[in-house]
Amino acid sequence: MPGKYSARVSSQNEPRATSDGLVGSPETADLTWLAHRAAEALGAAFNRVSREAGLADLRDWLVLALVSDGTQRTQLEIANQLGIDKTTLVSLLDRLVRNGLVVRTFSEKDRRVRIPAATPAGIEVVGKVAIARDAAINERLAAIPPADRAIFHSVLWSIVEADSTQA
């Protein structure tokens with residue numbers, strides 16, 4: 001159904017055809033462009049929520065949420081799981097440690113390996129941001145019926161899973 005989830009706006013904001021096919025209508029726009037713009041819109045909303053909680057951005061929250069789930073992971077495992085360069089992860093963890101949200105301990109198996117874990121303050125921030133994140137996502141996806149949101153989520157998960165099995 002064309003335009004099913006888009007609000008009607010002035011003609012200057014109507015989809016337009018281009019020779020490269022990037023922008024057109026929801027049915028004809030380039031999928032990579034659409035995926036990028038959707039991720040950009042959701043990321044911007046989530047960065048705002050993260051910053052309001054005192055974090056630098058959504059990557060801080062992703063790391064903090066992962067290290068607060070009770071599973072011990074090495075820094076390399078965290079970097080791989082989140083798709084963050086390990087050097088970038090170290091900077092993120094340094095900031096989270098300075099802010100009292102994460103501590104690092106040494107692995108019992110290999111003293112060269114560090115295991116980050118959330119502090120009680122970090123766990124509190126994760127809970128606070130998760131609530132604000134859900135509100136931001138619900139606001140951003142308000143025009144999409146719940147059943148279609150579930151399908152959208154499932155399709156995105158399929159894409160992520162297909163990528164992880166090919167790696």
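Author: What follows is a walk through the overall make-up and then through some side-chain pairings.

Reader: Fine. What sort of model is this, and how many helices and strands are there in the protein?

Author: This is a predicted model, and the protein in it has 6 helices and 2 strands. Read from the N terminus, the order of these elements is α-α-α-α-β-β-α-α.

Reader: How much of the protein counts as buried?

Author: Of its 167 residues, 28% count as buried. The accessible surface of the protein is about 11,400 Å², and carbon and sulfur atoms account for 57% of that surface. As for contacts with a separation of 6 or more, 47% of them in the protein come from residues 24 or more positions apart.

Reader: Let me turn to aromatics. How many aromatic pairs does the structure hold?

Author: The structure holds 1 aromatic pair. The partners are Phe46 and Trp61, arranged edge-to-face, with 5.2 Å from centre to centre and 85° between the planes. This pair links distant parts of the chain, since Phe46 belongs to helix 1 (residues 31-52) and Trp61 to helix 2 (residues 58-67), 15 residues apart.

Reader: And are Phe46 and Trp61 buried or exposed?

Author: Both Phe46 and Trp61 are buried.

Reader: What about a ring with a charge over it, say Phe106?

Author: For Phe106, the charged end of Arg114 sits over the ring, at 5.0 Å from the ring centre.

Reader: Okay, salt bridges next. How many does the structure hold?

Author: There are 8 salt bridges in the structure, and one of them joins Arg48 to Glu52, where the closest N and O atoms are 3.6 Å apart.

Reader: How are Arg48 and Glu52 placed in helix 1?

Author: Arg48 and Glu52 are separated by about one helical turn, because they are 4 residues apart in helix 1. Arg48 has a relative accessible area of 40%, so this residue is partly exposed, whereas Glu52 counts as exposed because its relative accessibility is 56%.

Reader: Which residue does Asp60 form a salt bridge with?

Author: Asp60 pairs with Arg95, and the closest N and O atoms of that salt bridge are 2.8 Å apart. Here too the pair links distant parts of the chain, with Asp60 in helix 2 and Arg95 in helix 4 (residues 86-98), 35 residues apart.

Reader: Which residues does Gln75 touch?

Author: Not counting residues up to four places away in sequence, Gln75 touches Leu89, Val90, Leu93, Arg104, Arg114 and Pro116. Gln75 itself is found in helix 3 (residues 75-82), and because its relative accessible area is 17%, which is under the 20% limit, the residue counts as buried.

Reader: Changing topic, what is Arg140 in contact with?

Author: Leaving aside neighbours within four places in sequence, Arg140 is in contact with Ala41 and Leu42. Arg140 and Leu42 are 98 residues apart in sequence, and their C-alpha atoms are 7.3 Å apart in space. Arg140 is found in helix 5 (residues 120-140), and its relative accessible area of 52% makes this residue exposed.

Reader: One last thing: which residues form a nonpolar patch on the surface?

Author: The patch is formed by Ile151, Phe152, Val155, Leu156 and Ile159, which together have about 450 Å² of accessible area. Among them, Phe152 has its place in helix 6 (residues 146-166).

Reader: Why does Phe152 count as partly exposed?

Author: Phe152 is partly exposed because its relative accessible area is 36%, a value between the 20% limit for buried and the 50% limit for exposed.

How values were computed. Residues numbered from 1 in each chain as written. Predicted model: local features only at pLDDT ≥ 70, side-chain atom pairs only at ≥ 80, totals over all residues. Heavy atoms only, no water. Phe/Tyr/Trp six-rings, centres within 6.5 Å; stacked < 30°, edge-to-face > 60°. Buried < 20%, exposed > 50% of the residue type's maximum accessible area, 1.4 Å probe, protein only. Lys NZ or Arg CZ within 6 Å of the ring centre and 35° of its normal. Patch = residues over 30% accessible without salt bridge, like charges linked within 9 Å, V, L, I, M, F, W, Y side chains within 5 Å. Areas by Shrake-Rupley, 256 points an atom, 1.4 Å probe, with all protein chains shown as cover. Salt bridge = Lys/Arg side-chain N within 4 Å of Asp/Glu carboxyl O. Contact = heavy atoms within 4.5 Å.
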